[in-house]
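Thanks for coming. I will go through one structure today, moving from side-chain rings to helix packing and then to a few single residues.

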Amino acid sequence: MLIVFSGLPGTGKTTIARRLASRLDATYLRVDAIEQALRDAEVLAHDVGRSGYLVAIALAQSNLGFGRVVIVDCVNPVAESREAWREIATRAGVPLLDIEVVCSDARVHRLRVETRSVDVPGLKPPTWKSVLEHDYEAWGEGPLRLDSAVISPDEAVEAIIEHLSRATF
């Protein structure tokens with residue numbers, strides 16, 4: 001199974017995705033960490049662009065091939081990246097669960113962005129302004145949507161587990 005977390009920075013994706021990965025003993029891939037490793041390697045002529053996603057896709061494919069449940073933690077802002085995850089799941093012959101994490105309370109969301117601690121060495125945290133200006137396309141056909149302004153990370157994990165138990169993929 002491939003589980004892809006999407007949403008703007010500061011919504012709580014990483015907290016929920018990590019807890020779910022631990023609960024499911026799944027392979028966890030964080031695009032922020034991959035992108036920062038690419039920056040640290042100083043092998044790219046420009047910023048990472050879509051390179052982090054391409055590396056994450058390759059790692060996801062490899063781990064799905066071993067029969068692992070793979071959880072990807074990324075912004076996943078555009079239809080192109082969302083389609084790439086669908087293609088990977090189809091090629092691997094596994095179900096895909098898209099999860100979008102939102103924070104409907106702008107005050108809470110802003111506070112999270114402005115006070116977050118960075119756990120990836122060297123990663124520059126986003127500003128509230130950059131979050132507001134982020135290119136993020138609305139989803140067409142809906143993912144499982146979780147609002148971190150109204151449920152805790154543990155409640156979100158329980159909601160995902162419940163969803164998985166009822167899902168027919």
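Start with a definition: two rings of Phe, Tyr or Trp, the last taken by its six-membered ring, pair if their centres lie within 6.5 Å. What you see is a predicted model. With that cut-off, how many aromatic pairs does a search of the whole structure find? The search finds zero.

Rings do turn up in another kind of arrangement, and Arg82 is the residue to look at. The charged end of Arg82 sits over the ring of Tyr136, at 5.2 Å from the ring centre. That charged end also sits over the ring of Trp139, and there the distance to the centre is 4.1 Å.

Next, helix packing. Two packed helices are described by the angle between their axes and the distance between the axes. For helix H2, residues 31-41, and helix H3, residues 51-65, the angle is about 120° and the axes are 9 Å apart. The crossing of H2 past H3 is right-handed. Which residues make the contact? On the H2 side they are Val31, Ile34, Glu35 and Leu38. On the H3 side they are Ser51, Gly52, Tyr53, Val55, Ala56 and Leu59. Sorted by class, this contact has seven nonpolar residues, two polar and one charged.

Stay with H2 for a moment. Its buried residues are Val31, Ile34, Glu35, Gln36 and Leu38. Those buried residues pack against H3, and also against strand S2 (27-30) and strand S3 (70-73). As a reminder on spacing, an α-helix has 3.6 residues a turn, so residues three or four places apart point the same way.

Just after H2 comes Glu42, with a positive phi of about 50°. Glu42 lies in the loop between H2 and H3. Is Glu42 buried or exposed? Glu42 is exposed, because its relative accessible area is 70%, and the cut-off for exposed is over 50%.

Asp25 is another residue to check on the backbone. Its phi is positive, about 50°, although Asp25 is not a glycine. Asp25 lies in the loop between H1 and S2. Its relative accessible area is 57%, so Asp25 is exposed.

Now a residue within H1 itself, the helix of residues 13-24: Thr14. Why does Thr14 count as buried? Because its relative accessibility is 16%, and buried means under 20%. Leaving aside neighbours within four places in sequence, Thr14 is in contact with Tyr28, Arg30 and Asp73.

Met1 is found in the segment before strand S1, which spans 2-6. With a relative accessible area of 19%, Met1 is buried. What does Met1 touch, leaving aside its neighbours within four places in sequence? Its contacts are Leu64, Arg68, Val69, Val70, Val94, Pro95, Leu164 and Phe169. From Met1 to Arg23 there are 22 residues in sequence and 14 Å in space, C-alpha to C-alpha.

Last, Gly140. Gly140 is found in the loop between helix H6 (128-133) and strand S5 (144-147). Its relative accessibility is 72%, so Gly140 counts as exposed. Gly140 and Arg18 are 122 residues apart in sequence, and their C-alpha atoms are 26 Å apart in space.

To recap two points: the search for aromatic pairs finds zero, while Arg82 has its charged end over the ring of Tyr136 and over the ring of Trp139. That is the end of my part.

Methods: Residues are numbered from 1 along each chain as its sequence is written. This is a predicted model: local features need pLDDT of at least 70, side-chain atom pairs count only at pLDDT 80 or more; totals for chains, interfaces and linings use all residues. Side-chain values use heavy atoms; hydrogens and water are left out. Axes are lines fitted to C-alpha atoms, for helices over the stretch in contact, and angles run from 0 to 180 degrees between N-to-C directions. Helices (H or I, at least four residues) and strands (E, at least two) are DSSP runs, numbered from the N terminus. A crossing is left-handed if the near helix is turned anticlockwise from the far one by less than a right angle, and right-handed if clockwise. Contact means heavy atoms within 4.5 Å. Ala, Val, Leu, Ile, Met, Phe, Trp, Tyr, Cys and Pro count as nonpolar, Asp, Glu, Lys and Arg as charged, and the others, Gly among them, as polar. Rings of Phe, Tyr and Trp (its six-membered ring) pair if their centres lie within 6.5 Å; planes under 30 degrees apart count as stacked, over 60 as edge-to-face and the rest as tilted. A charge sits over a ring if NZ of Lys or CZ of Arg is within 6 Å of the ring centre and within 35 degrees of the ring normal. Buried means under 20% relative accessible area, exposed over 50%, partly exposed in between (1.4 Å probe, protein chains only).
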